[in-house]
Amino acid sequence: MMRDITLGQYYPVQSPVHKLDPRTKLFGTLVLIVALFVADNVYCYGAAALFLFGIIAASKVPVGHIVKGLKPVLFLLVFSAAFNLFLTPGEELVHFWIFTITKEGLVRAGMMAVRLTFLVMGTSLLTFTTTPNQLTDGLERSLRFLNVVHVPVHEIAMIMSIALRFIPILVEETDKIMKAQMARGADFETGGLIKKAKAMIPLLVPLFISAFRRASDLALAMEARCYHGGEGRTKMKPLKYRTADRLAYLILLAFPTGVVLLRVLL
Amino acid sequence: MGIIKAKNLIYNYIKRDEEEKVEEVNEAVKDVSLDIEAGQFVAVLGHNGSGKSTLAKHMNALLLPSEGTVWIGGMDTKDDDSLLEVRRTAGMVFQNPDNQIIASVVEEDVGFGPENMGVPTDEIWRRVDECLKAVGMTAYRRSSPDRLSGGQKQRVAIAGVMAMEPKCIVLDEPTAMLDPNGRREVIRTVRELNKKKGITVILITHYMEEVIHADRIYVMDEGEIAMEGTPEEIFGRVDELKALRLDVPQVTELAHGLRKKGVPLSPCILDVEELVGELVGIRKQRTAQ
């Protein structure tokens, strides 16, 4: 059931975007998010579309693959578009029963839909082109300033990368426990929501126990390999900006400036 | 003094109730003394609950003795300041291959130990290349550990320990969760490291076939060392081994039975070829008479 999550899985191809430093890509995603919230006219969205699809083309990830990642958020998308569609006051277009569709509502709903779609596509593009490890490395490095206020950045990054490493193992384990219990007559398929949720309890208890056991084993193994926190640690793959990253930063600065200009001038 | 030395080592697992009062004391290791020379291949045999894993954890300072002393490379494991140095000297490979691989890419996992030790980046890469080559896993360096078989994962774990350049490696039942093929893979790798790189190996196991090439064997029972000697000496005492609930290899048992019935075989036969060789020799002698 959890095997076919496309949202946020690495898409292994060689492309200029894949090769960028994760910090550059993190910054790019941030820029896109801000720009999308600043944008309020068609020209701004046009610029955003140009920017986003330009990067998608450069990343060599098929557009269809990214669109598939939209499925889980489809409901949210329709829901927020509908809200804007029916609840914006203005020039009336259609009216039936208690619903009124206005011209302004139509425009806002459209913009909202485009904004959310671009948002999800942009952020999933980040995870499609960046391995979880690079991502945690990038986050660790770019959030390092938080150390000053005693946020344990290295530890959080370590927790994240270990969690990512254990997801497939725990999924497999869930599958195994499920099958073992089904073999003894457990029923996970039928019944209402509450019955199904109750059926999950005998699944979750052994899963938790095994997860804790694994955690304790792993802690021992890490200790045995001299792990003692981030202090005095070196990196096998230190992050390094290259020419491509500097170029990317130029584009990343030009793009929001353009959007702001388009908003102010038009 | 050898690279690993224990003197009158005692370790108690203490079970406490809610008020921190001692409820039960379980003596896992009782008065063990041993001395292991550098470069040796030493095996520790014992059935489940014999205290062999507890002993192994003392060699990496993961457990500290309740009484007695353990020295690793001359350092007392109780000394807090030399903790990292002790762990650098004696690396440890555990039983479950999944629970000791930390990174989600093979080469990054091998680099984890050196990273913790603060080794410079170039040197980490050199070590990772070398260690992956030594365990024959270079082809998989960019794979995810989830795609590997149990034996391959265990070899990655060994490479991860090797990358810390320890003087000795302690393997705590590294093959217990593997299939026969994976077991052979791992044991072959460990033997090669011992022979080619001169790393001291302490192999903890309950499979007797794995220890026939050891230089020295300790057999543990009830937290004590019950037997000690070379494989030939140990395997000649089949009845004692069976009393300690250990599985004697089939060939050895067969040879032992034959000898009891009066076939003049040598006291210690460890593999099929050896037995066949001796039997053929005996038949030739008889037909010659």
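User: Which residues do ring pairs link into a cluster with Phe27(A)?

Analyst: Ring pairs link Phe27(A) with Tyr241(A) and Tyr249(A), where rings of Phe, Tyr and Trp (its six-membered ring) pair if their centres lie within 6.5 Å. This is a predicted model, in which local features need pLDDT of at least 70, side-chain atom pairs count only at pLDDT 80 or more, and totals for chains, interfaces and linings use all residues. Residues are numbered from 1 along each chain as its sequence is written, chains are lettered from A and ligands numbered from 1 in the order in which they are written, and side-chain values use heavy atoms, with hydrogens and water left out.

User: How many aromatic pairs does this rule give over all chains?

Analyst: The count comes to nine aromatic pairs over all chains.

User: Why is the pair of Phe75(A) and Phe79(A) called stacked?

Analyst: Planes under 30 degrees apart count as stacked, over 60 as edge-to-face and the rest as tilted; the planes of Phe75(A) and Phe79(A) are 25 degrees apart, with 5.8 Å centre to centre, and the pair is therefore stacked.

User: What makes Phe75(A) exposed?

Analyst: Its relative accessible area is 65%, and exposed means over 50%, buried under 20% and partly exposed in between (1.4 Å probe, protein chains only). Phe79(A), at 44%, therefore counts as partly exposed.

User: Why is the pair of Phe208(A) and Phe212(A) called tilted?

Analyst: The planes of Phe208(A) and Phe212(A) stand at 50 degrees, with 6.3 Å centre to centre, so the pair belongs to neither the stacked nor the edge-to-face class and is tilted.
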